[in-house]
Amino acid sequence: MTTIEAGVTDAAARVARLLREDLRGQTAYGAPQLDVPVRLNTNENSYAVPPDVVAAITSAVGGCASELNRYPDREFTALREDLAAWLTEQTGVAVRADQVWAGNGSNEVLQHVVQAFAGPGRVALGFTPAYSMHPIISRTMGSTWVDGHRGGPSGPFEITAADVVAQVRESAPHVVFLCSPNNPTGTALDLAVVRAVLDAAPDTVVVVDEAYAEFARPGTPSAVSLLAAYPQLVVTRTMSKAFALAGGRLGYLVAAPEMVDALRLVRMPYHLSSPTQAIARAALAHRASLLAEVEAIKAQRDRIVDSLAAQGFPPVPSDANFVLFGGLADAARAWEALLAQGVLVRDVGIAHHLRVTAGTPEETTAFLDAMAGLPGEHRLDPHQPSAVSQGATA
Ligand SMILES: *Cc1c(COP(=O)(O)O)cnc(C)c1O
């Protein structure tokens with residue numbers, strides 16, 4: 001037997017030469033997947049899928065097994081109906097199935113949007129720090145990525161309508177990404193900002209990534225409420241966070257039917273497998289059970305905010321299931337100190353800050369205790385200027 005490595009000594013150099021020029025030297029998305037007791041680094045839902053939903057999913061997957069010889073419903077019609085009903089319930093806006101699209105995670109629906117509306121020779125814009133996959137998807141699809149910036153009267157992570165509109169005018173993007181609640185900072189965006197961008201850029205596709213919408217504080221409206229007025233608006237959602245279904249890989253979007261129709265040009269045929277469709281439908285049918293812990297998670301999120309503020313690690317206001325906090329002398333060293341105590345959080349590349357997911361009460365306690373136990377050397381000297389670096393990797 002020969003192995004594929006046998007005898008080739010310059011494989012790395014040769015692959016580097018074969019690789020697309022624009023991908024050389026890039027690093028892949030890579031949140032560490034470490035086996036530690038308290039994993040609070042990727043904003044998953046800490047609660048296991050409850051037994052009644054496990055039973056429903058098992059039966060639904062079993063039900064489609066004998067027909068796996070056939071391709072799945074390419075238009076995933078029944079799933080789109082179910083997603084439309086859920087969106088209508090959650091947002092209070094009547095959503096129809098022909099306004100809904102889905103993929104293997106919202107990353108895939110974001111990729112479809114970029115493939116259809118950005119891509120080679122076209123420009124995509126986002127406002128750093130935001131979700132790190134927005135630039136990765138844009139660049140790998142051949143788009144030119146413009147790294148917009150944040151900053152406003154209430155802090156370095158705020159974005160104001162005037163500033164965002166000015167940046168949109170300057171780079172004239174084909175696709176602009178907004179993220180609300182924003183990852184990694186946690187705060188939801190004022191809809192006035194979204195509306196200002198939509199009004200200023202009628203010929204730009206405006207994506208509002210609402211992966212964490214279900215965790216928003218009361219009174220936070222969804223951009224779904226703007227869809228009727230703006231055909232260039234796309235709102236993306238996911239079952240990976242509130243629905244506790246990260247492993248099921250189901251993300252979706254809502255947009256004008258014409259936008260949705262255009263995405264059919266770029267998706268692979270039959271991109272949603274029969275088991276994926278069956279799992280998502282079973283989960284949606286049992287949503288009350290799956291979403292039952294959302295309020296408990298929000299309570300832990302608020303507890304983290306209060307406790308970190310009291311400990312002198314300033315938290316950013318959060319509408320999500322995670323909290324970004326500052327006050328650290330060196331984020332990478334604090335990350336390691338927490339890991340040594342069995343608590344995995346996320347270093348998102350923002351100087352002096354780390355991000356932690358709100359988990360169960362026990363996980364939250366373990367994290368807060370580990371923070372309280374951090375030696376004083378990890379605290380940022382209040383006289384040291386706390387520069388916020390760009391290039392975050394949420
Ligand atoms: C987690 C996350 C997603 C979700 O990705 P999936 O592919 O649906 O798991 C999308 N957007 C943001 C901002 C996220 O944080």
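Which pocket holds the space taken by the ligand? That space is the largest pocket, a pocket being an open set of points on a 1 Å grid over the protein atoms alone, with protein on both sides within 12 Å along at least five of seven lines.

The model is predicted, so that local features need pLDDT of at least 70 and side-chain atom pairs pLDDT 80 or more, while totals for chains, interfaces and linings use all residues. Residues are numbered from 1 along each chain, and side-chain values use heavy atoms, without hydrogens or water.

Around the ligand stand 13 residues, near meaning a heavy atom within 4 Å. The nearest are Ser-106, Tyr-212, Thr-238, Ser-240 and Lys-241. By class, the shell comprises four nonpolar, six polar and three charged residues.

| Residue | Polar atom | Distance |
|---|---|---|
| Ser-106 | backbone | 2.6 Å |
| Lys-241 | side chain | 3.3 Å |

Of the 390 Å² of accessible area that the ligand has on its own (Shrake-Rupley method, 1.4 Å probe), the protein covers 94%.

The whole structure contains zero disulfides, defined as cysteine sulfur pairs within 2.5 Å. Cys-64 is buried (under 20% relative accessible area) at 14%, and Cys-179 is buried at 6%.

Key. A polar contact is a pair of N or O atoms within 3.5 Å; within protein, one must be able to donate a hydrogen and the other to accept it, and residues adjacent in sequence count only if both atoms are side-chain atoms. On a 1 Å grid over the protein atoms alone, a cavity is a set of points where a 1.4 Å probe fits but cannot get out, and a pocket is an open set with protein on both sides within 12 Å along at least five of seven lines; lining residues have an atom within 4 Å of a point. A molecule sits in a cavity or pocket if more than half of its atoms lie within 2 Å of its grid points. Ala, Val, Leu, Ile, Met, Phe, Trp, Tyr, Cys and Pro count as nonpolar, Asp, Glu, Lys and Arg as charged, and the others, Gly among them, as polar. Buried means under 20% relative accessible area, exposed over 50%, partly exposed in between (1.4 Å probe, protein chains only).
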